[in-house]
Structures are given as C-alpha cells and as structure tokens.
Amino acid sequence: MKKDTFTISVYTENNIGLLNRISAIFLKRHINLESFSTSQSEIQNVYRFVIVVKTDSERVRKIVQQIEKQVDVIKAFYHTDEETIFQENALYKVKSSSLFEERQIQNIIKASHASIVTVSPEFFVIEKTGFREETEKLRKELAPYGLLQFVRSGRISVTKAKMGISEILESFKNNN
Amino acid sequence: MGAKTKIKLNIDQSDNKHISGAEAVVRCLLEEDANLVYGYPGGAIMPIYDELYKYQDKLHHVLTRHEQGATHAAQGFARTSGKVGVALATSGPGATNLVTGIADAQIDSTPMVCITGQVASHLLGSDAFQETDIIGISTPVTKWNYQITKANEIPSIMAKAFYIARSGRPGPVLIDITKDAQFEFFDFSYEKCTGIRSYCPYQKLSNQNLEEALLLIDEAKKPLIVWGQGVILGNAEEEFKTFLEKSGIPAAWTILGLSAIPTDHPSNRGMVGMHGNYAPNLLTNECDLLIAIGMRFDDRVTGDLTKYAKQAKIIHLELDPAEVNKNVKVDVALIADCKVSLNELNKRISTKTYPKWIARLKALDKIENEKVIQSDLFPKKEGLTMGESIEMINKYSNNDAIIVTDVGQHQMAACRYAKFSQSKSNVTSGGLGTMGFALPAAIGSKMGAPNREVVAIIGDGGYQMTIQELGTIFQQQVAVKIVVLNNDFLGMVRQWQQLFFDKRYASTEMVNPDFVTIAKGFRIKAKRVADRKDLDIAVKEMMASKEPYFLEVCVEKEDNVFPMIPTGASVSDIRLE
C-alpha cells in the first residue's frame, strides 16, 4: 500500500505513564516514528501529542483506534499534510569567527529568513522555523562553515478543520 | 484439611478513619466486594499482608504457590463469577511473575485488578533490592496501570482500577504501591468510581446502522452467526437466545463464546476456527450474510483473511470500536454492548426459517461425524482417545460441569466434545494460549462458582508448568477434579511436526514422572487409567468425590486433532484427515 505522511494528534489527560503507553502501540506494530512532540493544549490540563508517521491510511486508522482506546486518551485524530498547518523549529550553533570572517553566512541567514537568537564571543545561535525542507536547506548551507551543533524539534501542527475537544469532553460526560 | 488459623482482633475496623495506606487497600477491596484474593507475600507488600491478617474474617486470601498461579486463579474466579478477580504480589520477581496472567487477561478481556508492592518511593530508580519497573513492563498488557506513591491516592485509584477493569470491554489493571505509601497514615474515605472523562466504555448504538443491519438480515438467504465471548461478558445470553430463536439463523462459536447457550440448543452449529467444526468453517465462505457478535476475528478463527467470507455481507456487533474493521472489513457495525444491540434487533426482526441452508449444514455435519467424530468418541483402536474421555466426563457431569482447559490438543478435544448447560462454564486460555493456565484457573473457577462441579482437563505438558498449585488445592481444599490426558508428548506441537515438519519430533517427547504419586504427595486422591474398560468407573468415582481428585488418563500417544485449517490457509481448506 502507498505510504504517506500522517500527523496524529492525541488529546490526553496528564498521566505519567501515558507516553510509554502510546509509544508501545507503535512499538508493537514495528512502526518507526518520524517525529514526536507533546505540550499543553488549548484546554487547561489537557495535553496534546503530535506524532508524525509514514504509513498507509489503513494502518494509521487502526493505530489511532488503538490510541483512542487508552483510558487516559480523550480523543485521537489523524490528518494528511494538506489538512494541517505544520512547522518544525531548528537551532544551529556556529562559531562566531565564521560570522565575521565569512560574509556569505550573513547572506544565507538573511535569504533563509532565519533569526539570530544569541551571539557570544565564541559562538552564535541561529533559529529557523519552517517546513522540513527549509530547515534542512539551511543546515546544508551552513554545514561548510562548521556547524557546532544542530537540532530540530518534532513537528507541531494545527488542523485547518475544527477539533472540538471541549464538545467531545462534554459529550463523554453525558454518555457516562 | 489444610491448616488455617483464624484470629479475631477486638478492633472495630469500620469506625477507624485515620488509617495506613495498607489498611486502606484492604478496605478498598472490601468496598468493591472483593472478599477473595489470590497472592503471594514478600518484602514490599508486607504492610498489606499484615492488614490481610487483621481482616482475615472479612477477606479471604488464597496463598498460591507461584504468582502466575495467583493471576490465573483470579482469572478463573472472574470468568465463572462475573466479578473482578484480584491478585497480589510483591515487587520485583513477584511482580514480573504476574505478567503472563495479565497478558492472558488482556487478550481474553478478563476483569482483573493486580496489586503489587514496590520499593519505597525514595528508592525508585536506584536499582534497589527487588525493584523492577512493573509499570513499564506491564503497560502493553494492561488496560490501565498506575503507580501510587502517596497513601491519599489509594481510595480514588483503587476505585478507578475496579471501574476500568469491569466496565466496557473488561481487562486487567495493575496498581503498584510503594512501601512508604503503604505505611503512611491518612484520613480514609471511599467513593465508587462512576465515570472517567477521557474514557467512554459504552457507545450509543447508531439507529441508522441498526436499520441497515435489519435490512441485510431481511434480505439474507444463507445467513450465519459467529458469536464470541462478548455475549457472555455482556450478560446477553437471554437476548442472544431470543435472537437465535426469532431469526432462525444457525450460529457457531469461537472458543471463548462456548457455553453462552446450552450445547443442545437447536441453533448451535459448533465451533469455528482452526480446529472448529467442518460445516461452520466451510459455510463461512458460502453464506451471504455473516453476523459476528462479540468476537474479534482472531486469526485462529479466520485463517487467510484475503479468503475469508469475501462473498458475504458482514454485520459486526461489537463493544470495542478498535475491533471494528481491524482484521475484517465489515458492511455494518453495531458498536454497542451486544445486550443493547441484540435487544434492539429482537424488537424488529421477523421470525424466519432457512430449511435448505440448514440442510446444507447438516449434510456437512454428517461428513464430519463419519470421518472424525465417530472415531474420536467411539474408537475401534486399542488406545484411549481424548474425545471418549471427555464424553465420559459429560456422562457423569450431566453435561453441566465447568470445564477448565489448558492449551493444546486436549483443549481442542474438550472444547469440541464437552457439553454445557449453563453460561460461564468454559474457562480456557484462548487468545494467549497460555500453557499452565488450567490448574490454577480451576482453583479460581471453583471458588467463583462453589456450587458447580469444576473439571480441569489438562495435557501432560501444561500440567507440569503450574503443577505446584496442587499445594494450593490441598491447603484450601478446593474440590476440583483434575484430569490429565497424558500422551507423553507436547501433542499439538508434535501434531504440527508430523504434518508440517516431516515427523521431526524436536523436543516434544515428554519423559513424565509418576503423576499419581505426585498428586498423592500433595495428599490429593489420585488414580490412573489406561484401559478403556476402566474409564467409566474411574470417571464415575472421580465425579462422585467431594474432595479434590486427580485422574490421569493415558491416551493414544500420536493422535491428531481434526478437522484442521493449517496456519495461513483459508477456512475453505479445512482438512478432515
């Protein structure tokens, strides 16, 4: 079956073992995660996992059913790239001497719409938010000047359509 | 009789509100009507055991001989009583020994709460003595688990544990309690859990899907029902019987659905799956409508999915939304407790009969009877068969015993030939196929249904995996009847070796001990039978015994279980020999 990129969004209670429980669902099915991030959601005390996987639509549907079945999961969704607005964030640490000696670096930073987060006598840190291709392009461009460190976050994503978690929580209350 | 000390303390426990975490655990169990628990003590759970000692007139603790035995006993108890089974163990090896039983309960949807002791919270993560990450280990095989580090969490978490274990699709819950939380004092109060906002155990039945299902049932000319344990777990036996009688549709069971209706019910057409009956397996690929009720299309039921019921419309009555369209794509899903959905269907379906279709089933039954069943039940060869041994048990149980089985050939023979009159009478390890399940599960089964006759039918291999539970049976004087069908082989594996590995019997021959002497060593009455002429009287004597009783039946060494659908083959490729 055709593999696509899917973003799985999981709204959960704040429970210490839940990360393990959700990752175990992927482990059991031998599915690699492209990226994984978690944070507070729009509702107080409700957390949101954003998980990116490359798989087929049948598989992702079944995985989401299994995730949703977990007691501490409020609701899980999956979306294609077209259905979401998503970004990743990357940090690049470069030697300060390069910034002053290589004029080209400044042009690269300007052209990529990256910003400089901090500058010290030894190093400076560039930040870039965007699609994977954009942060990757900047990494490749900076590499020849000696990247001291590079790190990229997991995908964060919001959907174009409504999620309606508050309504879902309300309906659960009525069903129980 | 096993030695038992009873001590009454002059403390009115119910008045005392400022109590330890350990006492709170016991009080929570009593609040949840769990007055029978199985377990094994050890360092990290000693405070709770100390409270069990004080509460022993209210709560009976059964000391098993291994923690695995405690889980299987709790499972057996849950399966026959319909209540939540409880197992206790200490940290480290005590906790890890529970894992097989927990995994078994998870895959067979058995409500169970396991409580483990844990090292004190300040030692967590320090590789302390008998520390193990049982939360991490048990996560993939529990419905829910939680580690308690503060005594004041105990009441709400215990309430949640029981609620989650028994509601919706039941399953095992593990609660790990650090030793300091057991010692800590707090003000106890208990409130039962009635709902969790993120957890929706019952779905509302879709009216539109109900309409569509009714239409499909109305149009069908060759319908077939396959039911599973959902009927039993949902207490929907009566609704199911009404559905069968009104709809006139023939019905076959999965291994865990067995005993939901009496064996002699006219709609009962036998078992589906790998060693199921010929007719329902073949007709799965001939029917025009398949109604799956409380079952999950396990691979042992379906065989090759690409050749499973492709010609049929499929209606799936299922409580767990994650099971719908998981293995088999269905046309209509009725996602609800099947007690509810069957009741709705019953209100609307018309009474029908399918004489031609049923005649086709009966014609296939005749073939199976001639080629397989006759020689299993009325063998002409010298050696005893498993089938005739089970038939003899039927004779002396009046088809009304709880039959507990292990895993392997004897399990298939027992499920095929044991006869039942009441629901919740078939206790077996279905999904996980846990050898060693039956002996401890029989203990729990008997304690969960003390007025019923409980017969454990076990192979010589699986029996030796948990044989130490004979000690529990003797100490507790649990009047179970234990039948070992001994063929001196790991029979099912040997059968596969014969059929698919050119008879290379790699490590399947068992050089067995004297089972009768072993049982007698545990002070249990025991007998061996090897001749057909002695079988009747031996079974009769066993069934008449008021005490635990062990019977070894030496059966034909190299018998095979048929029919059989080889792994990965289609249900249409079912073999009779």
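Reader: Which residues point one way from E17(B), and which the other way?
Author: Val454(B), Ala456(B) and Ile458(B) point one way, while Val455(B), Ile457(B) and Gly459(B) point the other way, and all are buried. A residue is buried if 20 or more other C-beta atoms lie within 10 Å of its own, exposed if 12 or fewer, and partly exposed in between, with C-beta atoms placed from the backbone. The model is predicted: local features need pLDDT of at least 70, side-chain atom pairs count only at pLDDT 80 or more, and totals for chains, interfaces and linings use all residues. Residues are numbered from 1 along each chain as its sequence is written, and chains are lettered from A and ligands numbered from 1 in the order in which they are written.

Reader: Which strands are joined to E17(B) by bridges?
Author: E15 (residues 402-405) of chain B is joined to E17(B) by four bridges, in parallel. E18 (residues 481-486) of chain B also runs parallel to E17(B), with five bridges. Two strands pair if DSSP finds at least two bridges between them. Strands (E, at least two residues) and helices (H or I, at least four) are DSSP runs, numbered from the N terminus.

Reader: Where is Asn325(B), and is it buried or partly exposed?
Author: Asn325(B) is in the loop between E13 and E14 of chain B. It has 18 other C-beta atoms within 10 Å and is therefore partly exposed. The phi of Asn325(B) is positive, near 60°, in a residue other than glycine.

Reader: What about phi for Ser507(B)?
Author: Ser507(B) is not a glycine either, and its phi is positive, about 50°. It is found in the loop between H21 (491-500) and H22 (515-521) of chain B, and with 9 other C-beta atoms within 10 Å it is exposed.

Reader: Which peptide bond is cis, with omega near 0°?
Author: The bond from Phe562(B) to Pro563(B) is cis. Pro563(B) lies in the segment after E20 (549-554) of chain B.

Reader: Now a helix: what does H3 of chain B span?
Author: H3 (residues 67-81) has 15 residues and reaches 21 Å from its first C-alpha to its last, close to the expected 21 Å; the expected span is 1.5 Å times one less than the number of residues. Since 14 of the 15 residues are buried, H3(B) is largely enclosed by the rest of the structure. Gly82(B), with a positive phi near 80°, follows H3(B).

Reader: How many residues does the contact take from chain B and from chain A?
Author: It takes 19 residues from chain B and 19 residues from chain A, where two residues are in contact if their C-beta atoms, placed from the backbone, lie within 7 Å. On the chain B side, H6 (134-138) and E6 (144-148) each supply at least two residues. The predictor gives the complex an ipTM of 0.92 and a pTM of 0.95.

Reader: How is chain B divided into domains?
Author: The assignment gives domain 1 (14-187), domain 2 (207-361) and domain 3 (378-554), with bounds from an automatic or database domain assignment. The C-alpha centres of domain 1 and domain 2 of chain B are separated by 37 Å. Their contact takes five residues from domain 1 of chain B and five residues from domain 2 of chain B.

Reader: What pLDDT does chain B average?
Author: Chain B averages 96, and 97% of the residues score at least 70; pLDDT is the predictor's confidence in each residue, from 0 to 100. Over residues 1-6 of chain B the pLDDT is below 50, and this stretch has seven contacts in the model beyond near neighbours in sequence. Where pLDDT is low, the predicted coordinates should not be read in detail.
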